[in-house]
Amino acid sequence: MDCIELSIKKLDEVCCNFAHEIKKEYQPDMVIYLAKGAYLIGKSMSDVFGVPLIAVGSTRDGNELKEKLALLLGVLPRWLCNFLRRIELKSNVHGHKKERHIKFLDNVAFLNIQNSNLKILLVDDSVDTGSSILAAKKLIKSNFSNYVIRVAALNVMSQSRENVKVDYYLYTDKMLRTPMSKDSREYRKFLEMYSNKARE
């Protein structure tokens, strides 16, 4: 399985180009991203579309160990990180931990929720099983009465296609290392950016 590594600068460039391609057939009224992993993707896209950016927080049971290992992953050799990622993906650990705890992290009260055919673009970095996307769609359905939703992700794993449709994507069955990845050398810089956004 190939690994694609994107710096903050390259990720912005890729996402802006991706958004321009999507814009040829779909112009959303808002971009909703899965926090915090899709923040930079959502930000680049919302800037291109000129629409509000809304965060949805999705957590799953069993993520505690991964959080504790975050600092260690940043100093391990690349080959070892890639090896561990392959094991994680092949183990289908995400499929076993399907229960998601999801909520809006931003205030959506200012949005006109009665707007007819509100166009939403839901974005994520990588769709592994589709469980987070399905949970986000359920949350959107419970908060908006009239909407059209499309899903965009940088990467889609083949196994997720049985569960969820991703309308726009760039890669299939790749390992992504972006600044949002805990083993990225830019992870701390990303956390600073995300923290600054939260204080706005």
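Mentor: Helix α2 is followed by G50, a residue whose phi is positive, near 70°. Please keep in mind throughout that we are reading a predicted model.

Trainee: What does the protein contain as a whole, in helices and strands?

Mentor: The protein has eight helices and eight strands, and buried residues make up 46% of its 200 residues. Among the contacts with a separation of 6 or more, 74% are accounted for by residues 24 or more positions apart.

Trainee: Is helix α2 largely enclosed or open, and why?

Mentor: Helix α2, residues 39–49, is largely enclosed by the rest of the structure because nine of its 11 residues are buried. The buried residues are Y39, L40, I41, G42, S44, M45, S46, V48 and F49.

Trainee: How should I think about the nonpolar residues?

Mentor: In soluble globular proteins, nonpolar side chains tend to be buried together. Here the largest nonpolar core has 34 residues, of which I22, I41, M45, L121 and L154 touch the most other members. At least two residues of this core are supplied by each of α1 (8–23), β2 (30–35), α2, β5 (118–127), β6 (147–156), β7 (168–172) and α8 (187–199), and the largest share, eight residues, comes from α1.

Trainee: Which residues does M45 touch, leaving aside those up to four places away in sequence?

Mentor: With those sequence neighbours not counted, M45 touches C15, F18, A19, I22, V31, L121 and V123. There is also a second, separate core of 21 residues, which includes I54, V56, I120 and A136.

Trainee: How do I describe the packing of two helices?

Mentor: Two packed helices are described by the angle between their axes and the distance between the axes. For α1 and α2 the angle is about 45° and the axes are 8 Å apart, and the two helices are therefore oblique to each other. Their crossing is right-handed. On the α1 side the contact is made by I8, L11, D12, C15, C16, F18, A19, H20, I22 and K23, and on the α2 side by L40, I41, S44, M45, V48 and F49. The residues of this contact divide into 12 nonpolar, two polar and two charged.

Trainee: Which backbone features deserve a second look?

Mentor: Most residues other than glycine have a negative phi, and most peptide bonds are trans. In this model D173, although it is not a glycine, has a positive phi of about 55°. D173 is found in the loop between β7 and β8 (175–177), and D173 is partly exposed, with a relative accessible area of 29%. As for peptide bonds, A35 and K36 are joined by a cis peptide bond, with omega about -10°, and K36 has its place in the loop between β2 and α2.

Trainee: Which residues touch Y194, and is Y194 buried or exposed?

Mentor: Y194, in helix α8, is buried, with a relative accessible area of 16%. Not counting residues up to four places away in sequence, Y194 touches Y33, A35, K36, Y39 and L105, so that both partners of the cis peptide bond, A35 and K36, are among its contacts.

Mentor: I4 is found in strand β1, residues 3–5, and I4 is buried, with a relative accessible area of 18%. Apart from residues up to four places away in sequence, I4 touches Y171, K174, M175, L176 and R177. The C-alpha atoms of I4 and M175 are separated by 6.1 Å, although these residues are 171 residues apart along the chain.

Trainee: What is the relative accessible area of L134, and which residues does L134 touch?

Mentor: L134 has its place in helix α7, residues 131–143, and L134 is partly exposed, with a relative accessible area of 39%. Residues up to four places away in sequence not being counted, L134 touches N163 and V164. From C-alpha to C-alpha, L134 and N163 are 8.2 Å apart in space, and they are 29 residues apart in sequence.

Key
Residues are numbered from 1 along each chain as its sequence is written. This is a predicted model: local features need pLDDT of at least 70, side-chain atom pairs count only at pLDDT 80 or more; totals for chains, interfaces and linings use all residues. Side-chain values use heavy atoms; hydrogens and water are left out. Buried means under 20% relative accessible area, exposed over 50%, partly exposed in between (1.4 Å probe, protein chains only). Helices (H or I, at least four residues) and strands (E, at least two) are DSSP runs, numbered from the N terminus. A nonpolar core is a set of buried Ala, Val, Leu, Ile, Met, Phe, Trp, Tyr and Cys residues joined through side-chain atoms within 4.5 Å. Contact means heavy atoms within 4.5 Å. Axes are lines fitted to C-alpha atoms, for helices over the stretch in contact, and angles run from 0 to 180 degrees between N-to-C directions. Angles under 35 degrees count as roughly parallel, over 145 as roughly antiparallel, 65 to 115 as roughly perpendicular and the rest as oblique. A crossing is left-handed if the near helix is turned anticlockwise from the far one by less than a right angle, and right-handed if clockwise. Ala, Val, Leu, Ile, Met, Phe, Trp, Tyr, Cys and Pro count as nonpolar, Asp, Glu, Lys and Arg as charged, and the others, Gly among them, as polar.
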